[in-house]
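Below is a short briefing on a predicted protein model. Look at the model first, then read the points by topic.

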Amino acid sequence: MTPLQSSGQVGKAIAPFGELALKPDIRPDVLFRLTGKLQSTLELPLLIEIFFKNIQSSVSVDGISYRVRDRQIVVCQGRTSAHSVNYELSNHGDKLGELVFFRSSRFREYELANIEGLLSTLLHPLRNALLYREALDASFRDPLTGAGNRVALDRTLDREIELSRRHAQQLSLLMLDLDKFKSINDQHGHSSGDAVLKETVQAITDCMRQTDLCFRYGGEEFLVLLSNASQADALIVADRIRETISKLLIPATKTTTMTATASIGCASLTASDSRQSLIHRADLALYTAKNQGRNRVIGEAALSQGLIEEKRQ
């Protein structure tokens, strides 16, 4: 292990122990018990919690932070402090993320050796937990586009409605449908249609905040969940998505490209809304956008005005 020190931080690169390197000073029974406890769960947050609580007898740490940056995984225990040591973890060539240990005082060499010995018990359970999480995530994702599927939508929307009411925050929903999508399949083939769906989800993702979520509702329909967003905020995001999709140039053949447009309906949570009623109102706004010429965004204010005009006629 080769330490690199900077501003109270120590970076550790994995390397074999040399002849002169300090060896871990941990009783075998401690490692045995820790190994057994770590093998008792596949839940990543619980695994990190078990590891944090059970290493304290061998090396005192104020907190740990585990990250897998490319999968947006962050799990923390305890608190951050002035000094830290970080490890890039791997197991038989599989990159397992970064684990950072925090403490108010500097880590000594023998303590770093103990940490490295303790980490050896974590690698296999951590790899198994990541594989389990990957399989679980896949069960909630549309395999073609990577957007959340209907099961994920139902669970997430119920939770977000509850959180929105508990914290008195606004919540908005966009329902998006690709215009005349059948003609794309008929003219260019289903593989080209699949490419349009993938590019659509990428365009939606590029326009969203990190806290927003995209789900494939069915066929060429998508739902975008905007937490802590008013109707006005949602309409801005919706028009940005609509414009981004309209500018896409998607390869159809080696020499030709396809274009697409989308119609979007927007609804915001009310005190009496259920999951079904919120989706229904977004769907009604989408239906109105389709009827008014497509490639447009319709919010509830415009929808209400349209109904008033119908009654007058």
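How many of the 7 residues of strand E9 (residues 221-227) are buried? The count is 6, so the strand is mostly covered (buried means under 20% relative accessible area, exposed over 50%, partly exposed in between, with a 1.4 Å probe and protein chains only). Helices (H or I, at least four residues) and strands (E, at least two) are DSSP runs, numbered from the N terminus.

The model is predicted: local features need pLDDT of at least 70, side-chain atom pairs count only at pLDDT 80 or more, and totals for chains, interfaces and linings use all residues. Residues are numbered from 1 along each chain as its sequence is written, and side-chain values use heavy atoms, with hydrogens and water left out.

**The sheet around E9**

- Two strands pair if DSSP finds at least two bridges between them.
- An open sheet of 5 strands runs in the order E8-E9-E7-E12-E13, with mixed pairing.
- E8 and strand E13 (297-298) stand at the edges with a single partner strand each, so one side of each has no neighbour in the sheet.
- Strand E12 (residues 262-268) and E13 are parallel, joined by 2 bridges.
- Across that pairing, Ile-264 stands opposite Val-297 in E13.
- Strand E7 (residues 171-178) runs antiparallel to E9, and 7 bridges join the two.
- Ser-172 faces Leu-226 of E9 as its opposite residue.
- On strand E8 (residues 213-218), 5 bridges make an antiparallel pairing with E9.
- Arg-216 has Phe-222 in E9 as its bridge partner.
- The hairpin of E8 and E9 has 2 residues between the strands, and Gly-219 there takes a positive phi near 60 degrees.

**Helices on the sheet**

- Contact means heavy atoms within 4.5 Å.
- Axes are lines fitted to C-alpha atoms, for helices over the stretch in contact, and angles run from 0 to 180 degrees between N-to-C directions.
- Helix H4 (residues 150-166) packs on the sheet and touches E7, E8 and E9. Its direction makes about 130 degrees with that of E8.
- Helix H7 (residues 231-246) also packs on the sheet, touching E7, E9, E12 and E13. The direction of H7 makes about 170 degrees with that of E12.

**Helix H6**

- Helix H6 (residues 190-207) has 18 residues.
- Buried residues of H6 include Val-196, Leu-197, Val-201, Ile-204 and Cys-207.
- Thr-205 is also in helix H6. At 38% relative accessibility, Thr-205 counts as partly exposed.
- The C-alpha atoms of Thr-205 and Ala-147 are separated by 9.2 Å, with the two residues 58 apart along the chain.

**Aromatic pairs**

- Rings of Phe, Tyr and Trp (its six-membered ring) pair if their centres lie within 6.5 Å; planes under 30 degrees apart count as stacked, over 60 as edge-to-face and the rest as tilted.
- A search of the whole structure finds 2 aromatic pairs.
- Phe-51 and Phe-101 have ring centres 6.4 Å apart and planes at 65 degrees, so this pair is edge-to-face.
- That pair links distant parts of the chain: Phe-51 is in helix H2 (residues 44-54) and Phe-101 in strand E6 (residues 94-103), 50 residues apart.
- Both Phe-51 and Phe-101 are buried.
- Tyr-87 and Phe-101 are edge-to-face too, at 5.9 Å centre to centre and 90 degrees between the planes.
- Tyr-87 sits in strand E5 (residues 83-91), 14 residues from Phe-101 in strand E6.
- Ring pairs join Phe-51, Tyr-87 and Phe-101 into a cluster.

**Charges over rings**

- A charge sits over a ring if NZ of Lys or CZ of Arg is within 6 Å of the ring centre and within 35 degrees of the ring normal.
- Arg-103 lies over the face of Phe-107, 4.6 Å from the ring centre.
- Arg-150 lies over the face of Tyr-217, 4.1 Å from the ring centre.

- Most residues other than glycine have a negative phi.
- Ala-168 is not a glycine, yet its phi is positive, about 55 degrees.
- Ala-168 lies in the loop between H4 and E7, and is exposed with a relative accessible area of 73%.
- Asn-228 has a positive phi near 50 degrees.
- Asn-228 is in the loop between E9 and H7, and is partly exposed at 46% relative accessible area.

Note on methods:
The expected span of a helix is 1.5 Å times one less than its number of residues.
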